[in-house]
Amino acid sequence: MPLNRPPARSGRPAWGLRLLLGGVGAGLVAVAVAVSTVPAPSQPVAVAPPASVAPNLPATTTTTSTAPPSTSAAGSGAKSATPPTSAPPTTAPAPDPRPPGWSGAGCALSLTSRPAAAPVGHCTVLEIGDSLGNDLGWGLRRHLSPASGLHLIQADVSSTGLVDRSFYDWPAHLATDLHRYHPQLVLASLGGNDEQGMVIDGSVQAFGTPAWQRAYLGEVTALVREATDAGAYVLWVGLPVMQQPGFSAGIATLDTLYARAAAADRYATYLSTWELFSRPGVGFAADAEVNGASAQVRERDGVHYGYAGEDVVATYVIRHLAASFHVRLAPQSPAVITGW
């Protein structure tokens with residue numbers, strides 16, 4: 001399901017049209033809801049996406065193909081399965097674990113703990129993703145102070161993912177960007193378009209099958225390794241709970257794979273956004289109190305972040321960067337969900 005963006009708000013350029021999920025809702029009222037629970041990362045499970053969120057990408061080449069969509073549909077407001085809130089535990093890293101090829105003279109980012117947080121210095125952050133990543137990027141752009149020491153490069157492309165390289169080849173484009181910008185950190189947030197079939201050993205495997213999950217985990221792991229081999233840390237920001245339960249269950253499956261890929265690389269870390277945007281006892285909610293005032297945190301399409309949601313997720317990510325990479329960093333005008 002390509003996650004296209006709507007026309008830009010004032011002060012923000014357009015990055016493609018968002019897919020309006022609500023436009024097909026009337027035709028799906030009579031269809032049963034299919035919700036699959038997602039186990040812990042060590043226990044993959046197949047989750048079929050509903051027809052209303054089936055991918056709509058161009059015809060694939062020998063790399064990938066779109067599998068027949070499920071006939072299940074989704075309603076709204078149901079609580080979806082919850083992916084892990086953090087990457088599985090890994091072996092403690094060696095002292096000062098800088099990625100191979102690190103060229104961060106003057107950049108203080110480090111996954112090694114130290115007695116006190118250090119000044120950031122001067123660091124380049126390459127942000128990659130689809131339209132949800134783009135939402136995150138605009139939030140970061142607003143909340144990173146010009147004096148923060150982080151130079152943010154937004155390289156998000158709407159409607160992209162890791163399944164269909166014939167549409168957009170992320171490994172190839174990442175290689176170009178790594179060579180061009182030499183970032184000390186790659187910030188990734190994508191996958192909303194990847195609930196589709198994949199060609200594996202010459203045959204199409206439906207989304208969520210064990211074979212599909214193994215192959216997709218390999219794609220994510222390779223992308224992380226590409227960035228760390230080039231000398232960058234990686235922070236993979238997980239996808240949030242979605243409005244349609246079937247789609248949301250598939251997103252939860254993807255989040256478990258992102259967490260596993262990050263845990264397998266000593267220079268990478270994973271950050272879940274699932275609980276951040278889950279209303280207690282409900283799950284997806286479009287509106288919340290942000291800093292004590294009512295605000296729209298998710299768009300009416302049930303997928304993307306609203307303007308206030310961009311601020312919330314940006315605040316969350318900036319604070320995580322400060323804590324995980326042991327630097328002094330704080331968002332401008334922090335935005336926090338204070339109530340539902």
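The report below describes a predicted model, feature by feature.

## Nonpolar core

The largest nonpolar core holds 85 residues. The members that touch the most other members are Leu109, Ile128, Leu140, Tyr216, Trp236, Val317 and Leu329. Helix α4, residues 245-263, gives the most to this core, with nine residues.

Leaving aside residues up to four places away in sequence, Ile128 touches Ala155, Asp156, Trp170, Leu174, Val186, Leu187, Ala188, Ser189 and Leu223.

## Strands β2 and β3

Strands β2 and β3 run parallel and are joined by five bridges. One of the pairings is between Cys123 and Leu150, the bridge partner of Cys123 in β3. From β2 the chain passes through helix α1 (residues 131-143) to reach β3, and this β-α-β crossover is right-handed.

Strand β3 covers residues 150-154, and four of its five residues are buried; it is therefore largely enclosed by the rest of the structure.

## Disulfide

A search of the whole structure finds one disulfide. This disulfide joins Cys107 to Cys123, with an S to S distance of 2.1 Å. The two cysteines are 16 residues apart and link distant parts of the chain: Cys107 lies in the segment before β1 (118-119), while Cys123 belongs to strand β2 (residues 123-129). A disulfide is a covalent bond between the sulfur atoms of two cysteines.

The torsion about the S-S bond of Cys107 and Cys123 is about 105 degrees, so the disulfide is right-handed. Are its two ends buried or exposed? Cys107 has a relative accessible area of 5% and is buried. Cys123, at 2% relative accessibility, counts as buried. The cut-off behind both assignments is a relative accessible area under 20%.

## Sheet β12-β11-β14

An open sheet is formed by three strands in the order β12-β11-β14, with antiparallel pairing. Strands β12 (293-296) and β14 (337-339) stand at the edges; each has a single partner strand, so one side of each is left without a neighbour in the sheet. From one strand to the next the twist averages 60 degrees.

Strand β11, residues 287-290, pairs with β14 in the antiparallel sense over two bridges. Val290 has Ile337 as its bridge partner in β14. Helix α5 (residues 307-324) packs on the sheet and touches β11, β12 and β14. The direction of α5 makes about 100 degrees with that of β12.

## Positive phi outside glycine

Asp201 is a residue other than glycine with a positive phi, near 55 degrees. Asp201 sits in the loop between β5 (198-200) and β6 (203-205). Its relative accessible area is 82%, and Asp201 is exposed.

Ser333 is not a glycine either, yet it has a positive phi of about 45 degrees. At 59% relative accessibility, Ser333 counts as exposed. The assignment follows because exposed means a relative accessible area over 50%.

Key: Residues are numbered from 1 along each chain as its sequence is written. This is a predicted model: local features need pLDDT of at least 70, side-chain atom pairs count only at pLDDT 80 or more; totals for chains, interfaces and linings use all residues. Side-chain values use heavy atoms; hydrogens and water are left out. A nonpolar core is a set of buried Ala, Val, Leu, Ile, Met, Phe, Trp, Tyr and Cys residues joined through side-chain atoms within 4.5 Å. Buried means under 20% relative accessible area, exposed over 50%, partly exposed in between (1.4 Å probe, protein chains only). Contact means heavy atoms within 4.5 Å. Two strands pair if DSSP finds at least two bridges between them. Axes are lines fitted to C-alpha atoms, for helices over the stretch in contact, and angles run from 0 to 180 degrees between N-to-C directions. A disulfide is a pair of cysteine sulfur atoms within 2.5 Å. A crossover is right-handed if, with the strands pointing away from the viewer, the path from the first strand over the helix to the second runs clockwise.
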